[in-house]
Amino acid sequence: MIKPVILLILSLLAAQLCAAYPDGGDLLGKIDKNMLSSTMKAKTTMIVQTRRATRTLVSNNWSQGSQKAFSEYLSPAREKGTKMLRDGDNLWIYDPGTDRVIQISGNMLKQSVMGSDLSYEDMMEETNLQKSYSSQVTGEKVYEGRDCWIMQLNARKADVTYQKVVLYVDKKRFLPLYEELYAKSGKLLKTMRVQEVMQVGSRWYPKKALYKDELKDGKGTLFIINSVQFDVKLPAHIFTKAALKK
Amino acid sequence: MLKFILIGLFRDRSRSIFPVLIVAAGVLVTVFMSSYLNGFIQSMLSQNARFDTGHLKIVTKAYAENLSLKPYDLGFINLGGEVEQWKKDFPGIRWTPRIYFGALLDVPDAEGQTREQGNVFGLAVDLEDSSVVRDLRLNDALVQGRLPRQKNEILLSETLLQKLGLSPGAEVTLLGSSFYGTMSFANFRVCGSFSFGVEAIDRSGLIAGINAARAFLDMPEGASEYFGYLPGGVYDNEQVLQIKQQFNARYSSQDEFAPVLLALTDQNDLGYLLLYMKFAMALISFVFVVIIGIVLWNAGLLNGIRRYGEFGLRLALGESKKHLYAWLVMEALVTGLVGSALGAGLGILAILYFHAHGFNFTTLLRDTSFMVENVIYTSLDWKNILLGILPGVLATLLGALLAGIGIFKRRTSQLFQELEA
């Protein structure tokens with residue numbers, strides 16, 4: 001008689017705990033609403049810290065939805081004028097030195113972008129989390145002084161690069177402050193730590209984040225957003241191959 | 001005595017032909033096998049020394065930790081004075097820079113758009129140094145076109161050239177990762193194609209001048225590895241290990257990019273492989289001695305039975321047992337020498353044939369990264385031939401020594417009774 005009673009009490013407690021957590025899908029929707037925009041224009045600085053040297057790359061970036069993106073590197077001198085265009089599943093790079101537009105595909109997509117801890121594949125990832133992942137809130141914790149939900153995301157499709165993701169999401173700002181990205185095998189591949197945030201209109205956005213490829217030596221890549229504008233009008237030609245050579 | 005034994009050997013062929021044939025067959029196999037294995041080892045050592053290891057090489061400590069990955073971003077840059085110092089410290093050693101790199105080769109169409117792409121394995125060498133061209137036997141390996149003369153010229157493997165539908169004169173773009181990990185692009189003109197007969201390089205190889213690669217990879221005065229070759233061009237493990245000890249003691253440092261010297265045997269498990277090959281050779285010789293020894297022991301016993309009367313008569317006439325035993329051993333020695341000479345002669349003929357024509361392993365080596373020539377030639381080394389003859393003589397001696405023991409069991413008192421019977 002005692003056993004069923006204990007089981008009942010435990011079940012009620014578990015149900016109570018689950019009820020205290022928000023629905024994973026709803027929370028992911030709020031994160032997407034905060035992070036995604038119809039268009040975006042940003043100037044960014046990428047500080048790549050390798051075993052050998054630290055390099056700073058500055059670029060202008062434009063994006064439209066989650067499928068189109070365009071970048072132009074402004075410095076250093078060796079990279080100045082290099083442009084990248086993403087249109088859906090295609091990625092092209094233009095190099096002013098050779099005056100060539102080259103499509104990146106296959107194994108090259110797994111290569112690092114400009115020596116950073118990010119790969120071309122990362123750039124190609126679908127940014128709409130709700131589309132790519134099912135989610136569940138598994139706990140809560142205080143991270144860097146902010147109350148966060150701990151979320152576990154599981155990929156909806158096999159072709160998603162990171163099959164499992166763990167997020168610490170700011171409870172009030174719906175901004176992921178920490179990410180762990182896992183392979184299908186369960187191996188931790190990358191981490192992301194937001195170091196500084198900024199408010200742009202009603203959104204909270206990462207100002208400075210450290211990306212770390214956990215399979216590589218080095219101190220990681222610091223990604224800084226110098227300036228950003230959301231939902232701005234962008235010229236249509238910018239997301240075309242012709243824009244690469246301009 | 002020797003003349004008498006030799007006459008006996010040829011006149012009484014029924015007692016000599018079987019042991020001579022056995023020894024000859026064994027020596028033939030041993031001589032040929034040792035020559036083939038030696039040819040294989042030499043091919044492997046020279047191919048590795050040419051393309052991958054040098055007789056010795058200097059790399060950074062960080063690079064050495066990931067040697068198989070060939071991480072050029074952990075290699076040397078801005079070297080100048082250091083190389084001169086190495087040359088002073090170890091005079092006679094020929095140092096030459098190498099850079100190994102991977103890249104994407106992009107072939108444009110008439111409008112400059114990507115027509116074909118392929119991954120390439122790049123090897124950058126000092127093409128202005130004629131000894132490097134000679135070491136790599138680049139002129140022999142050239143299939144089409146000519147060697148690079150300009151900084152923006154490269155050679156592609158003939159396989160890759162065909163696969164991409166290119167011909168000498170074609171313009172291509174290389175896309176890779178610089179020393180600092182950033183993207184690097186460079187346009188090149190294909191000036192020719194090569195085939196080394198080494199599948200690992202012929203599949204997707206590219207050869208560029210060291211300065212072109214330095215510019216492409218942003219490595220001024222850089223190299224991923226510095227190869228060293230001994231004077232005379234022949235690998236000497238003892239000498240290399242001595243240089244290694246001296247160099248590493250002199251340049252030992254906590255700096256992760258400090259130079260460290262590696263011997264050929266430290267790389268690609270070649271040290272273990274050489275040890276294994278030596279063990280295999282010793283095993284072949286040992287097995288040969290034991291097996292042929294047992295066979296000849298048996299032949300000696302049969303011979304003893306056949307010559308039972310002869311031995312009895314000689315003992316009865318007063319010949320000592322020791323003398324008779326020594327006679328038998330001498331007979332065996334002569335048999336062994338004749339058999340070995342015959343086997344070695346046949347072996348040399350076989351070795352000469354395969355030294356000229358070789359064994360073609362092209363099909364077997366397809367899709368492997370094994371650093372060995374597609375055609376293996378037997379080695380013409382008298383040491384190997386002698387090594388084959390020695391077990392032949394040893395085996396006959398062993399057989400005679402064992403079979404002859406029976407002589408000491410004969411009783412003089414029974415000899416006449418045996419003879420009367």
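**Terms and their grounds**

Tutor: Let us begin with chain A of this predicted model, where 30% of the 246 residues count as buried.

Student: What makes a residue of chain A count as buried?

Tutor: A residue is buried if 20 or more other C-beta atoms lie within 10 Å of its own, and 30% of the residues of chain A count as buried on that basis. Chain A holds four helices and 13 strands, and its C-alpha trace spans about 80 × 40 × 35 Å along the principal axes.

Student: Why are α13(B) and α15(B) called roughly antiparallel?

Tutor: Helix α13 (residues 321-357) of chain B packs against helix α15 (residues 382-403) of chain B at an angle of about 150°, the axes lying 8 Å apart. Angles over 145 degrees count as roughly antiparallel, and the two helices, α13(B) and α15(B), are therefore described in that way. Their crossing is right-handed, and the contact of α13(B) with α15(B) comprises 13 nonpolar and 10 polar residues but no charged ones.

Student: What makes a set of residues a nonpolar core, and which members of the largest one touch the most others?

Tutor: The members must be buried residues of the listed nonpolar kinds, joined through C-beta atoms within 7 Å. The largest such core has 114 residues, of which A:Val169, B:Ile99 and B:Ala213 touch the most other members. Strand β7 (residues 183-194) of chain B gives the most to this core, namely seven residues. Another core, of 27 residues, lies apart from it and includes B:Phe288, B:Val289, B:Ile292 and B:Ile351.

Student: How do you know that A:Val169 is in contact with residues beyond its neighbours within four places in sequence, and which are they?

Tutor: Contact requires C-beta atoms, placed from the backbone, within 7 Å. With those sequence neighbours left aside, the partners of A:Val169 include A:Leu27, A:Ile31, A:Cys148 and A:Trp149, and also A:Met151, A:Phe174, A:Leu175 and A:Pro176.

Student: How many residues of each chain are in contact with the other chain, and where do those of chain A come from?

Tutor: In chain A, 23 residues are in contact with 20 residues of chain B. On the side of chain A that touches chain B, β5 (90-95) and β6 (100-104) of chain A each supply at least two residues, and the largest share, four residues, comes from β6(A). By class, that side of chain A divides into seven nonpolar, nine polar and seven charged residues.

Methods
Residues numbered from 1 in each chain as written. Chains lettered and ligands numbered in written order. Predicted model: local features only at pLDDT ≥ 70, side-chain atom pairs only at ≥ 80, totals over all residues. Axes fitted to C-alpha atoms, helices over the stretch in contact; angles between N-to-C directions. Parallel < 35°, antiparallel > 145°, perpendicular 65-115°, else oblique. Left-handed = near helix turned anticlockwise from the far one by under 90°. Nonpolar A, V, L, I, M, F, W, Y, C, P; charged D, E, K, R; others polar. Contact = placed C-beta atoms within 7 Å. Buried ≥ 20, exposed ≤ 12 C-beta atoms within 10 Å, placed from the backbone.
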